[in-house]
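Student: I would like to learn how to read the features of a structure like this one. Please take me through them in turn.

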Amino acid sequence: MEYSVVLHVKNMVCYRCVLVVEQELKKLGILEAKVQLGRIALLFTLSEQTLRSFELRLKQLGFELLIEKQEILIENIKQLIIDIVQKDSRLSTKLSYLISESLAIDYSYASKIFSERESITIEKYYIYQRIERVKEYISYGEMTLLEIASKMYYNDLSHLSKQFKSVMGVSPSQYKKEQNYNRNYIDKIIT
């Protein structure tokens, strides 16, 4: 089956997002679509009316169709980083190289566009995503901070603590002690 149209969607960050978008497509009678994080592949172009209806429904659900190439690039970078962090993957190479290779784009260009549009560097965005994942693990209460540091591939607990404190303003142990787990939506993480 060859898909001829690709729609890019902002804020698709998890498997449940994919399911929600698939359900909306089915409501429109579109049964042959390949939905992945951040993109929908279709066999045919949607009519203007169907596209507008779908776009409106996506907005109501917190998603957004992307048209501009730079918006699509930014969303692809975010999706790649979120995927790495949520899968607790260890970076086998520098983040810049991974982004450049995965998205087939010059990293300096991607970094410049990302920073201009999001008011944050790609590296800082990656750190914020990692800290959000650490906060999630802390809230579960199933692992020690040392186990979390190991699972998240920090060099050691002090590295995790330093990064956590620079983002959150408190150490991970203070955060854990307070039990006021103020977590953020992963698609809304920017400074």
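**Reading the fold, the core and the spaces**

Tutor: Helices (H or I, at least four residues) and strands (E, at least two) are DSSP runs, numbered from the N terminus. The model is predicted, so local features need pLDDT of at least 70 and side-chain atom pairs count only at pLDDT 80 or more, while totals for chains, interfaces and linings use all residues. Residues are numbered from 1 along each chain as its sequence is written, and side-chain values use heavy atoms, with hydrogens and water left out.

Student: Is V5 buried or exposed?

Tutor: Buried means under 20% relative accessible area, exposed over 50%, and partly exposed in between (1.4 Å probe, protein chains only). V5 counts as buried because its relative accessibility is 16%.

Student: Which residues does V5 touch, not counting residues up to four places away in sequence?

Tutor: Contact means heavy atoms within 4.5 Å. With that exclusion, V5 touches I40, A41, L42, F44 and T45. V5 and L46 are 41 residues apart in sequence, and their C-alpha atoms are 8.9 Å apart in space. In the protein, 65% of the contacts with a separation of 6 or more are between residues 24 or more positions apart.

Student: What pattern does the protein follow along the sequence?

Tutor: The pattern is β-α-β-β-α-β-α-α-α-α-α-α-α, which comes to nine helices and four strands. Along the principal axes, the C-alpha atoms fill a box of roughly 55 × 35 × 30 Å. Of the 191 residues, 40% are buried.

Student: Which residues have the most contacts inside the largest nonpolar core?

Tutor: A nonpolar core is a set of buried Ala, Val, Leu, Ile, Met, Phe, Trp, Tyr and Cys residues joined through side-chain atoms within 4.5 Å. The largest has 51 residues, and L7, V21, I40 and I81 have the most contacts inside it. Leaving aside neighbours within four places in sequence, V21 is in contact with M12, V35, I40, F54, L58 and F63.

Student: Why does the length of α6 agree with its residue count?

Tutor: The expected span of a helix is 1.5 Å times one less than its number of residues. The 19 residues of α6 should therefore span 27 Å, and the end C-alpha atoms are 28 Å apart, which agrees. α6 is mostly covered, with 14 of its 19 residues buried. G141 follows α6 and has a positive phi, near 70°.

Student: How many cavities of 30 Å³ or more are there?

Tutor: On a 1 Å grid over the protein atoms alone, a cavity is a set of points where a 1.4 Å probe fits but cannot get out; a pocket is an open set with protein on both sides within 12 Å along at least five of seven lines; lining residues have an atom within 4 Å of a point. Points are joined across faces, edges and corners, and a volume is the space filled by probe spheres set on them. The count is two cavities.

Student: Which residues line the second largest pocket?

Tutor: Its lining is Q36, L37, R39, N76, Q79, L80, D83, S102 and L103. α3 gives the most, with four residues. The pocket holds about 220 Å³ of space.
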